[in-house]
Amino acid sequence: MIVFTLRKNIRNTVKKLKEAGKTIGFVPTMGALHPGHLALVKKSLEENHRTVVSIFVNPTQFDNPDDLAKYPRILERDLHLLEQTDKDLLVYLPLAEDLYEGNVKAKSFDHGGLDRVMEGAYRRGHFDGVATVVSLLFDAVQPHRAYFGEKDFQQLQIIRRLVESQNYPVDIRPVPIHREKDGLAMSSRNLRLTEPMRKEAPFIYQTLLKAKEMAEKGMKPDLIKENISLLYEKSPLRLEYFEIADEEHLRPAENFEPGKNYRAFIAAYAGDIRLIDNLRIK
Ligand code: AMP
């Protein structure tokens, strides 16, 4: 395993590998790695000669300084996990000033409306921060393929659009959500859950399954939304939003139109810890 911190070094190494005919997969992460992240790494290892994993808690995508300060950072454990996954990994640990070339600020992007709902509506500037760091990382790594989890489905769609609009020669590869046995979507933030909160948290997935059941029975999106909101009134989790939207444009759905796929999306707080999840329901 080789560890890089400077963009010029990772870029030169990847350039040489590409000149030697090797394909490069890229897995960007914010660390505190769990099996969900490793599923992305494994898929990249299967599909490419070499894989670059980056670990960088990107400051420009946090709208809440407290969330940024409390984000789990366990680099040594992460490096150990990666070493066990594959000895030939290239690990990129960017330094903010170097990656951002001295200007650690988000740029503005036209996300084609994909940022107007859900995470974009509740976390101001979040997707500009994501798009900025992903562009900088793509420029530094220049991979053939990049792997993103459906856990952050809205992010995945925003990145697909970014790649299309900026003509990045990168194939975006989605990876399904990895869950704990009780259904809780794996997340670095789960590390911060207290024991009672951890017991409550699978409720999020249970309500997504309920939404799917209701959709399958023919219930309309608005009524499903109403029913799910009511369920949270009796729960210790605080619902921030529950939305049903089509997968392609992420427009809140009034009806389920035939031939389109729809997902339910949730953000809920367990104490001060914000959890998100989603599920295809139709
Ligand atoms: P993060 O470190 O949270 O920024 O996540 C890095 C990448 O891993 C993103 O593409 C996430 O969508 C993906 N990811 C995080 N958790 C999961 C999960 N439980 N299942 C699948 N992908 C995940």
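Two residues are said to be in contact when their heavy atoms lie within 4.5 Å. In this predicted model, Leu-6 touches Tyr-92, Leu-95 and Asp-98, when residues up to four places away in sequence are not counted.

**The chain as a whole**

The chain contains 11 helices and nine strands. Its C-alpha trace spans about 55 × 40 × 35 Å along the principal axes. A compact globule of 282 residues would have a radius of gyration near 19 Å, and the chain agrees with this because its own value is 19 Å.

Of the 282 residues, 52% are buried. The chain exposes about 13800 Å², and carbon and sulfur atoms supply 48% of that area.

In soluble globular proteins, nonpolar side chains tend to be buried together. The largest nonpolar core of this chain has 42 residues, of which Ile-10, Val-52, Tyr-92, Phe-138 and Ile-172 touch the most other members. Among the elements that give two or more residues to this core are helix H1 (7–19), helix H7 (126–141) and helix H8 (153–165), together with strands such as E2 (24–29), E5 (145–149) and E7 (238–246). Helix H7 provides the largest share, 10 residues.

| Residue | Relative accessible area | Class |
|---|---|---|
| Leu-6 | 26% | partly exposed |
| Leu-40 | 9% | buried |
| Asn-167 | 64% | exposed |
| Leu-250 | 2% | buried |

Leu-6 lies in the loop between strand E1 (2–4) and helix H1. Its value of 26% places Leu-6 in the partly exposed class, because that class lies between the limits of under 20% for buried and over 50% for exposed. Tyr-92, one of the residues that Leu-6 touches, is also among the core members that touch the most others. Leu-6 and Val-133 are 127 residues apart in sequence, while their C-alpha atoms are 15 Å apart in space.

Leu-40 belongs to helix H2, which covers residues 35–47. With a relative accessible area of 9%, Leu-40 counts as buried. Leaving aside residues up to four places away in sequence, Leu-40 touches Val-27, Tyr-147, Phe-148, Gly-149 and Val-175. The C-alpha atoms of Leu-40 and Met-197 are separated by 27 Å, and the two residues are 157 residues apart along the chain.

The remaining two residues are of interest for their backbone angles. Most residues other than glycine have a negative phi. Asn-167, however, has a phi near 55°, a positive value in a residue other than glycine. Leu-250 is not a glycine either, and its phi is positive at about 55°.

Asn-167 is placed in the loop between helix H8 and strand E6 (171–175), whereas Leu-250 is found in the loop between E7 and E8. Asn-167 is exposed, with a relative accessible area of 64%, but Leu-250 is buried, with a value of 2%.

Methods:
Residues are numbered from 1 along each chain as its sequence is written. This is a predicted model: local features need pLDDT of at least 70, side-chain atom pairs count only at pLDDT 80 or more; totals for chains, interfaces and linings use all residues. Side-chain values use heavy atoms; hydrogens and water are left out. Helices (H or I, at least four residues) and strands (E, at least two) are DSSP runs, numbered from the N terminus. The radius of gyration is taken over C-alpha atoms; the globule rule is 2.2 Å times the number of residues to the power 0.38. Buried means under 20% relative accessible area, exposed over 50%, partly exposed in between (1.4 Å probe, protein chains only). Accessible areas come from the Shrake-Rupley method with a 1.4 Å probe; for residues, only the protein chains shown count as cover. A nonpolar core is a set of buried Ala, Val, Leu, Ile, Met, Phe, Trp, Tyr and Cys residues joined through side-chain atoms within 4.5 Å.
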